Amino acid sequence: MLEISNLACSRGDHLLFSDLNFSLSAGELLQVQGANGSGKTSLLRTLCGFMMPVAGEIRWRGQNIRELGDAFYAEMIYLGHLNAIKDELNALENLRISAGLAGCKVNDKQVIAALRRMGLRGRETLPVKVLSQGQRRRVALARLLLSNAPLWILDEPLTALDVGAVGLMQELIGEHLVNNGMVIYTTHQPLEVVGVATRWLALS
Amino acid sequence: MNKLSLIGLLSLVIRRDLVLAMRRRADVLTTLVFFVMVVSLFPLGVGPEMDMLRKMAPGVVWVAALLASMLSLGRMFSADYLDGTLEQMMLVPQSLSVLVLAKILAHWMVSGLPLVIMAPVLGLQFDMSAQALWVLIAALLLGTPILSMIGAVGAALTLGLRGGGALVSLLVLPLCIPVLVFGAGAVEAVVSGTSVSSHLSLLGALLVMALAFTPWVTALALRISME
Amino acid sequence: MNWGEFFAMNGYAWYIWGSYGMALLIFIIEIVMVRHRRALILQQLHLMRNAEDDMT
Amino acid sequence: MAINWFKYSSPSTFYGAAGKMVPWFAWSAAILFVVGLYIGFFVAPTDIQQSEAYRIMFIHVPASILSMFIYLVMAGYAALGLIFNTRLSSMMASALAPTGALLAFLSLWTGALWGKPMWGAWWVWDARLTSELILLFLYLGFIALHASIDDPRRADRASALLAIIGSVNVPIIYFSVQWWNTLHQGASVKFTGTSMHVAMQQGMYTMMMAVWLYAIAVSLLRVRCIILERECKAQWVSELAEVKR
C-alpha cells in the first residue's frame, strides 16, 4: 500500500537520512524511532508531501504521491506536534472544521459522540482556551474518529496525555488496524496495541 | 461519511474565518481606525484649502486603503501557521487553491469591505461630490479584493519570517501600483468629466486576472514556505 | 579643441561628469564587493580545510 | 553526438567554465567601453537642441534597457530553477539581481542628471523614469526576500515565484504608469529619435554592448562566489587549486 524506496531527506544543507526503504500494508503498525534531530518529524512531513525528498520515491497504491496529490490526501490523516485547534472556538466548532478540512461532512451528533469517546463529556461547548493541554490534545485526536482515511500519520500523539488517554489511544489504534487501517507514528512513550506486532524503523 | 464539495469547503472556511474575526474584533477595528486616522491626518498636514483637498481626496483615500490592507496582511496566514492549522489546510483533499480563495474572500470581507463602507464618510471630509463618492465606492469595491489577493501571495511568501510585516509591504506595494492608478484615476476622471468606465473596466479586468491566478500562485507559495 | 573646453562640456560639466562618475563608481564598488565576497568565502574554505587536516 | 547540457548545469563544471569565461567578457567590455566613450565624446556631434547634455544618453539608455532586460533574464533563470529544480539556475538568478538593481539605480541617477538641464527639475514624473523606479523596488523586494530566508532552497523557490510574478506585472505596471502619465499630461521627453545622428546610434549601441558584457562578467564572478558558498561542503570544492593553496 505505502511503499518508500531509496528515500533521502535533508533539512537545509544537512542530510538527515538516505536510502530508506520500507513498505506498509493494511493492518500494520510502524513506529519510527531515533534520537532528537534524527529526522523523525522530517520523515513524517515528507510522507505528507510537505517536504520534497532529495531522492527516492513514496508510492501509495503503486503511484507516486506527488502525482496523486489530492487523491492521496483524501486517504490519509496527519497529526503533528501542533494541535491545529483554535483557542477562540469551542471543541465542537474546532472538530467540525477540522473534519471539513479533512474532506468529511459530519453532523453534530457524530462530533459529540467522538468528543465523548475521547473523554470530553460536558466540555463540548467550552472555549478551547479553558481546557488543559491534555484535553486539547484529546480534541485534536478526536479527529481520528471522524475520518475514514486508512492511513494515519501521527507525530508524537501521546504528548501531554494521561495514562487513561494513552490506553484509549492504544484501543483506537487497535480498532483502526482491525479495520485494515495503517498507522505510522513516532513516540517517546511506550505504546502497545494488543494483538498487533509493532514494526520498528530506526533512524540514526 | 459524506464527502465535502468544493462549495462546501469554500463556505466552511469563509464562515470559520468570519467567526474567528468576530471573536477577535479588536484586530479588525484597528485596521479600520488606522484607515480613518491616516485619511483624517492628511488635511492637518497639507492645510485646509478645500480646492486642494478635493483634488487630493481620491489619491489620499486610495493610498490609505493600500496601507491599511498591508497592515492586515500579517493576519491572513500567520495565526493558522503558528497553531498548526495551516498544515492541516495543506492536506485538504479538495483543492488548496479553493481553500486559499476562501481565506482571501474572508480576509477581504473583514478588512477590505469595512474600508469601502467607511470611504464615503471620509470622502465627505474632503468635500467630494455625490457622483465622485459613488465612483469611489465602485472603484474600491473592484480594487480592494485585488489588494487582498496580491497581498495573499506576499503573505504566503513571507510566512514565518522575521521582519515579515515590513518585508511583505516591500514585496506587495510595487505590485499594487496599477490598482492605485486606475482606482484613483476613476475618481479623478469623474471630477474632470472624462470617461469613468474605461478606468473601471480596466480595474475589472485586473480583478478577473487576479481572481484567476492569485489563489493558485498563493497555494504554490504556501507549499514553498511550509517546506 | 582644447581639453579645458572639452571638460567644461559647454556648461553641462556637472551633469555629464556626474553621470559618468557615478557609473564608474558603481562599477568599481560592484567589482570590489564581489572580490571581497570571494576573498571571504575562500578564507572560510581554508579554515574548514585546515580544521579537517588537524583532525586527520 | 549530442552535447550533454546537463553537464554544464552542474555547479562544479560551471564553476570552472565561468572562471575561464570571465576574462574574455571583462576585456571585451573594457575595450567596448573605451570605443563607445570615444565615439560618444569625440565622434558624435553636438546636438542642436540639447547641446552637450545629451551625451548622458550613452550611459543612461544602456543602463535603463539592461536593467529591464536583466530582470527578465533573472526571472527566466528563476523560473527554470523553480520548474526543473536546477540549483545552478537559481544561483544565476540571485547573482544577477544586485547587478540589475545597481543598473536601475544608475539609470535613475543619470536620468535625474539629464532631467535637470532639460526639464529644469531633478525628478519629473515621467512614465519611463517612474517605471524604472518601480523596477528598482521590484529588485529590492527580490533581494530582501532572498536575504531574509535562511533555508537556501526555500529562499530560491520563494524569490523565484516573486520574480515571475514581478515579470508578469512589469508590462501591466508600465501600461498603468503610461496611462496615468497621459492622463495628467506630465512631462515626457522624446529624444529626437528619427533624426539621431549615425554616430550617436553607433556610440549608444557600443555602450550597450559594453554594459551588457560587463554585466555578464560581473554576474559570472558573483555566481562563482555563490557556488562556493552553497557547495562549501562538497568534495570538489576542497580539491580546487585556490582552496588547496
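Author: Two strands pair if DSSP finds at least two bridges between them. The model discussed here is predicted. In chain A, five strands form an open sheet in the order 6-8-9-3-10, and their pairing is parallel.

Reader: How do you know that strand 3 and strand 10 of chain A pair?

Author: The criterion asks for at least two bridges. Strand 3 (residues 29-33) and strand 10 of chain A are joined over five bridges in the parallel sense, so by the criterion of at least two bridges they pair. A:Gln33 stands opposite A:Ala202, a residue of strand 10 of chain A.

Reader: What makes strand 6 and strand 10 of chain A the edge strands?

Author: Strand 6 (76-79) and strand 10 (198-202) of chain A each pair on one side only. From one strand to the next, the twist averages 15°.

Reader: Which helices of chain A lie on this sheet, and at what angles?

Author: Helix 1 (residues 40-47) of chain A packs on the sheet, where it touches strand 3, strand 8 and strand 9 (182-186). The direction of helix 1 makes about 150° with that of strand 8 of chain A. Helix 7 of chain A lies across strand 3, strand 8 and strand 9, and runs at about 145° to strand 9.

Reader: Why is helix 6 of chain A called largely enclosed?

Author: A residue is buried if 20 or more other C-beta atoms lie within 10 Å of its own. In helix 6 (residues 133-146) of chain A, 10 of the 14 residues are buried, so the helix is largely enclosed by the rest of the structure. Among these buried residues are A:Gln135, A:Arg137, A:Arg138, A:Arg143 and A:Leu146. The buried residues of helix 6 pack against strand 6, helix 4 (91-101), strand 7 (104-105), helix 5 (108-117), strand 8 and helix 7 of chain A.

Reader: Into which domains is chain A divided, and what makes up the contact?

Author: Domain 1 of chain A covers 1-75 + 150-204, and domain 2 covers 85-149. Their C-alpha centres lie 23 Å apart. The contact takes 15 residues from domain 1 and nine residues from domain 2 of chain A. On the side of domain 1, strand 8 (151-155) and helix 7 (163-178) of chain A are the elements that give two or more residues. Helix 7 of chain A supplies the largest share, five residues. The residues on this side of domain 1 divide into 11 nonpolar, two polar and two charged.

Reader: How do you know that D:Ala217 is buried?

Author: The threshold is 20 or more other C-beta atoms within 10 Å. D:Ala217 has 24 C-beta neighbours inside 10 Å and therefore counts as buried. D:Ala217 is found in helix 7 (residues 198-230) of chain D. Leaving aside residues up to four places away in sequence, D:Ala217 touches D:Val22, D:Phe25, D:Ala26 and D:Ala29. The C-alpha atoms of D:Ala217 and D:Pro23 are separated by 7.6 Å, although these residues are 194 residues apart along the chain.

Reader: How does chain C stand against the rule for a compact globule?

Author: For 56 residues, a compact globule would have a radius of gyration near 10 Å, whereas chain C has 22 Å. Along the principal axes, the C-alpha atoms of chain C fill a box of roughly 70 × 20 × 10 Å. The secondary structure of chain C comes to two helices and zero strands, and buried residues make up 16% of chain C.

Reader: Which chain does chain C touch, and which elements take part?

Author: In this contact, 28 residues of chain D meet 23 residues of chain C. On the side of chain D, the elements giving two or more residues are helix 3 (57-84), helix 4 (87-119), helix 7, helix 8 (235-238) and helix 9 (241-244). Helix 4 of chain D gives the largest share, nine residues. The residues on this side of chain D divide into 17 nonpolar, five polar and six charged.

Reader: How far apart are the closest C-alpha atoms of chain A and chain C?

Author: Those atoms lie 16 Å apart, and no contact joins chain A and chain C. Likewise, no contact joins chain B and chain C, whose closest C-alpha atoms lie 24 Å apart.

Methods: Residues numbered from 1 in each chain as written. Chains lettered and ligands numbered in written order. Predicted model: local features only at pLDDT ≥ 70, side-chain atom pairs only at ≥ 80, totals over all residues. Domains from an automatic or database assignment. Contact = placed C-beta atoms within 7 Å. Helix = DSSP H or I, 4+ residues; strand = E, 2+ residues; numbered from the N terminus. Nonpolar A, V, L, I, M, F, W, Y, C, P; charged D, E, K, R; others polar. Rg over C-alpha atoms; globule rule 2.2 N^0.38 Å. Buried ≥ 20, exposed ≤ 12 C-beta atoms within 10 Å, placed from the backbone. Axes fitted to C-alpha atoms, helices over the stretch in contact; angles between N-to-C directions.
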